Amino acid sequence: MSIHELTTSRGPEDAENLKLLQQVAVKDRAAFEILYRKFHPQLTRYLMRIIRRPELVEEVVSDTLFVVWEKATQFQGRSRVSTWVTGIAYLKGIKALDRLKTMPEQHADALNEYDAADESDLINRIGLQQWLKNGLDQISPDQRSVVELTYFSGYSYQEIADIMGCPVNTVKTRMFHARRRLASLLPSLEAAVAEPGNVRENEGGMLSLGESENLE
Amino acid sequence: MECYRWGRAKTLNRKKQHEQTVALLPWFVNDTLDQKEREQVLKHLAGCEGCRLERDRLIDLQKMIREGEVVDGDVEFSLKRTMKRIDEAERNRRSVEEVATNHRRQKRFFVSMAMAAGLSMFLVGMAVLVGNPDEPLEYQTLTADAPGQGSTRQMQIGFVDPIPAATLRQALIETESNIVSGPDRQGVYLLEVNVPGNVSQEVFLRRIQDIEGVKHAAFTP
């Protein structure tokens, strides 16, 4: 089915995106500019989470939206437009990481200190967001992708599986490992959010994840 | 015993439910579970303190992720750069198309040249055939046409490569022949040829057949 015959029942936002993409498919530059401005912030953020290299992120965002311009006619409406675009961004991001062949470790020093330091001191010193950022640096790009797509972008696990081109169980497993890793790095998350500097003991909620190791 | 089995099955079932709920919690928190899964999670949460704690932690984590790390990309700069890239890609595409068109033109030119060369050979062959003074005289009966007078016959002729009709026509004018019809679906022409009086029809036909580019030639009955 041609993109011009597609309709969507996935809400007004998807309908608007689909309309723009249909215009992009006939090389309407004005529509592309609107779509670009709309997707640029969320793609930048998402790719920043996966790649962690600001100098690369801009290039990958541009690559992603260039592919959208080139391949708009190939959209088949099997998912939301945003899912399709994010899927392209994911592939581009992973390719960029493959090119680098290294895991970003720019905050490793702070985390090494974390092991020995008092938790509350660390939070006070580097700030809660930096602490989270450090924690996310310690999980794999695929796990970061699942975390970001779930908590920030608000995708369902089926949509994340579409974006990342993997089975649903793989998404759940990646999320499981990400949670376990984050739990070990941010054990007092709940208390820290409620009252930074006043960290409570871990009550075991996240650690109970160990029971669910074999999700696949 | 039955009671023990029932109790064990119930425990296993509860453990399975717990594992499923733990796995689904992130999407319970982001509110994307379907109705059935949502009900299943809610039911489990009502009786599981650990999962309720985990849910609360995930809500906090979601809040932190949503609030944190504002990334300000320069949209306008990025857009400008991408538009430039699109322009460049389109220019490249156009130039590739031009090269392809030129290549097709060149190919057509060379094919035409090859066909013209083939036709020239045909033309030369016909001319040689018409005016070859060294051709040995063959036995003539008394009732045969007078030498030099010649006779007109119709001939079917086909070529290895298609020959433009205009070029063929030109060749035939010069050999005092005419196109009666053709080419048909197989590219065969029907010609009216003037067989010179000093050459037998068989020799004439053989010479036509020997011309390079001629696929087959035969007199019509």
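Helices (H or I, at least four residues) and strands (E, at least two) are DSSP runs, numbered from the N terminus. With the elements named in this way, K27(A) falls in the loop between α1 (12–25) and α2 of chain A.

This is a predicted model, in which local features need pLDDT of at least 70 and side-chain atom pairs count only at pLDDT 80 or more, whereas totals for chains, interfaces and linings use all residues. Residues are numbered from 1 along each chain as its sequence is written, chains are lettered from A and ligands numbered from 1 in the order in which they are written, and side-chain values use heavy atoms, with hydrogens and water left out.

**Chain B**

The secondary structure of chain B comprises 6 helices and 4 strands, and along the sequence these follow the pattern α-α-α-α-β-α-β-β-α-β. Chain B has 221 residues, of which 33% count as buried; here buried means under 20% relative accessible area, exposed means over 50%, and partly exposed lies in between (1.4 Å probe, protein chains only). Among the contacts in chain B with a separation of 6 or more, 69% come from residues 24 or more positions apart, a contact being heavy atoms within 4.5 Å.

**The interface between chain B and chain A**

The contact between the chains draws 44 residues from chain B and 52 residues from chain A. The area buried between them is about 4,700 Å², and carbon and sulfur atoms give 59% of it; buried area is the accessible area (1.4 Å probe) that two parts lose on being put together, summed over both. On the side of chain B, W27(B), R57(B) and M64(B) supply 17% of the area that this chain buries against chain A, more than any other three residues.

Across this interface the rule finds 18 residue pairs in polar contact, both residues being at pLDDT 80 or more. A polar contact is a pair of N or O atoms within 3.5 Å; within protein, one must be able to donate a hydrogen and the other to accept it, and residues adjacent in sequence count only if both atoms are side-chain atoms. The elements that give two or more residues to the side of chain B touching chain A are α1 (2–29), α3 (49–67) and α4 (75–131) of chain B. The residues of that side divide into 19 nonpolar, 9 polar and 16 charged, where Ala, Val, Leu, Ile, Met, Phe, Trp, Tyr, Cys and Pro count as nonpolar, Asp, Glu, Lys and Arg as charged, and the others, Gly among them, as polar.

One polar contact, of 2.7 Å, joins the side chains of R179(A) and E54(B). R179(A) lies in helix α10 (residues 168–185) of chain A, and it counts as buried because its relative accessibility is 3%.

**Salt bridges**

Over all chains, the whole structure holds 16 salt bridges, and 6 salt bridges are found across the interface of chain B and chain A. A salt bridge is a side-chain nitrogen of Lys or Arg within 4 Å of a carboxyl oxygen of Asp or Glu. Several of the pairs are set out below.

| Pair | N to O distance |
|---|---|
| R85(B) and D63(A) | 2.7 Å |
| E90(B) and R29(A) | 3.3 Å |
| E76(B) and R37(A) | 2.7 Å |
| R45(A) and E148(A) | 2.6 Å |

E90(B) in helix α4 of chain B pairs across the chains with R29(A) in helix α2 (residues 29–51) of chain A. E90(B) counts as buried at 19% relative accessibility, whereas R29(A) counts as partly exposed at 29%. R29(A), D87(B) and E90(B) are linked in a network of salt bridges.

The pair of E76(B) and R37(A) likewise crosses between chains, from helix α4 of chain B to helix α2 of chain A; E76(B) is partly exposed at 41% relative accessibility, and R37(A) is partly exposed at 37%.

Within chain A, R45(A) forms a salt bridge with E148(A). This pair links distant parts of the chain, R45(A) in helix α2 and E148(A) in helix α8 (residues 141–152), 103 residues apart, and both residues are buried.

**Loop residues with positive phi**

Most residues other than glycine have a negative phi. K27(A), although not a glycine, has a positive phi of about 65°, and it is partly exposed at 34% relative accessibility. D31(B), also not a glycine, has a positive phi of about 65°; D31(B) lies in the loop between α1 and α2 (35–47) of chain B and counts as exposed at 54% relative accessibility.
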